[in-house]
Amino acid sequence: MGNSQEQSILETLLFRLDSSDENLELVTIQEIDSWPTGLFDTLCREGLLAPTAPSSLFTCTQCNDPHSEEIIQVESPPGSEPRLYIQCPSVGRIRVYPEELRQWILVPEGWAKLAGRLLGISGHSQADIPGRVWRMGVGNLGRVNREVLLVRGLSWVDGQSVETRIAGVTNSTPPALVLPQELPNSSLLCPIPLPKVLRFVDGEFLLDRTMLDFITASWPTVAPAYTRTKVADDFHMSEDSRTAVLHGVSYVLTPRQAQVVDVLYENYKQGMPELSQERILDRIGSESDKLTLRDIFRNSDAWNTLIVSGSRRGMYRLNI
Ligand SMILES: [Zn+2]
């Protein structure tokens, strides 16, 4: 479905939107010139592409080897309008014109807005994690109303912490996650990979409803029990959380330490054993104090025994 050339450009742009290589977010005028008529105008009108600073590199077209070179500015005679060149090893100096250096950047907010409109979502999109997660509003998907988020870069090195953070802010109905790319081997509950549902037909963006229904049909309407009520076997806390007992060893905690353990255990029970330090401090309301978890657990037996580092830098969990 979809006319082939536009569709394949669209898929490439979505791939680039999800890339951690910032250069791939940029689209050059040469590339745009090779596109079918109308596509560029539509992308700009939808706010998916926006003009950005001119390129500092130019790809040589004068020899048989397409190489990219830094732009050289020459002001000759002095005081005249600077002229732009690149140096080609086989042809020599090649003049470059400013209009050849124009480029555009992919705008994630624009893609969130477009997806939101096509999915019939009410509400305004707003950044939740800048550059990575946008709350698009609430939509009826997979038989219930649920929050819909655009999430970018789940496969980047810090993707796991973004995923944990999303899980940490959602309630019992799992949110729909609109993704620029399909993630193979992902355990996400409700993903909508845009390349599977977004179509460009006759100059318009459309949603492949059949594909969307197929994707959402198997979605859970509530978070599965195993992720909601996981309980540790050999871990207990006193009513006021000031004493924690792990494998028969008691830890007496300060009120602030108790809050940290509470937050971690609460999330553990929701199936999210690891939280970022930032999130923990935010939850206990001490992010502004410039305290670290290490400060909070200074001289405490619980540090590195009850509270341990997670699988990634800056992540922590209970050792249960
Ligand atoms: Zn060349």
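The centres of domain 2 and domain 3, taken over C-alpha atoms, are 31 Å apart. Domain bounds come from an automatic or database domain assignment. That assignment gives domain 1 (4-106), domain 2 (108-216) and domain 3 (235-318). Six residues of domain 2 and eight residues of domain 3 make the contact, where two residues are in contact if their C-beta atoms, placed from the backbone, lie within 7 Å. On the side of domain 2 that touches domain 3, one residue is nonpolar, four are polar and one is charged. Here Ala, Val, Leu, Ile, Met, Phe, Trp, Tyr, Cys and Pro count as nonpolar, Asp, Glu, Lys and Arg as charged, and the others, Gly among them, as polar.

The model is predicted: local features need pLDDT of at least 70, side-chain atom pairs count only at pLDDT 80 or more, and totals for chains, interfaces and linings use all residues. Residues are numbered from 1 along each chain as its sequence is written.

The C-alpha trace spans about 80 × 55 × 30 Å along its principal axes. The radius of gyration is 26 Å, whereas a compact globule of 320 residues would have one near 20 Å. This radius is taken over C-alpha atoms, and the globule rule is 2.2 Å times the number of residues to the power 0.38. Of the 320 residues, 26% count as buried. A residue is buried if 20 or more other C-beta atoms lie within 10 Å of its own, exposed if 12 or fewer, and partly exposed in between, with C-beta atoms placed from the backbone. Among contacts with a separation of 6 or more, 55% join residues 24 or more positions apart.

The secondary structure comprises eleven helices and 21 strands. Helices (H or I, at least four residues) and strands (E, at least two) are DSSP runs, numbered from the N terminus.

The largest nonpolar core has 36 residues. Such a core is a set of buried Ala, Val, Leu, Ile, Met, Phe, Trp, Tyr and Cys residues joined through C-beta atoms within 7 Å. Met136, Leu149, Leu150 and Val178 have the most contacts inside this core. Elements that each supply at least two residues include helix H1 (4-17), helix H4 (108-118), strand S10 (133-141) and strand S11 (144-151). H1 gives the most, with five residues. Domain 1 and domain 2 both contribute, so the core lies between them. Beyond its neighbours within four places in sequence, Leu149 has contacts that include Asp128, Trp134, Met136, Ile166 and Val178. A second, separate core of 21 residues includes Val260, Tyr265, Met315 and Tyr316.

In H4, the buried residues are Pro108, Trp111, Ala112, Lys113, Leu114, Ala115 and Gly116. These residues pack against H1, S10, S11, S12, H6 and strand S15 (204-207). Just after H4, Gly120 takes a positive phi of about 70°.

S14 and S15 pair in the antiparallel sense over four bridges. Two strands pair if DSSP finds at least two bridges between them. Arg199 has Leu206 of S15 as its bridge partner. The hairpin of S14 and S15 has two residues between the strands, and Asp202 there takes a positive phi near 50°.

An open sheet of three strands runs in the order S19-S21-S20, with antiparallel pairing. Strands S19 (275-276) and S20 (307-309) stand at the edges, each with a single partner strand, so one side of each is left without a neighbour in the sheet. S20 and strand S21 (residues 315-318) pair over three bridges. Ser309 has Tyr316 of S21 as its bridge partner.
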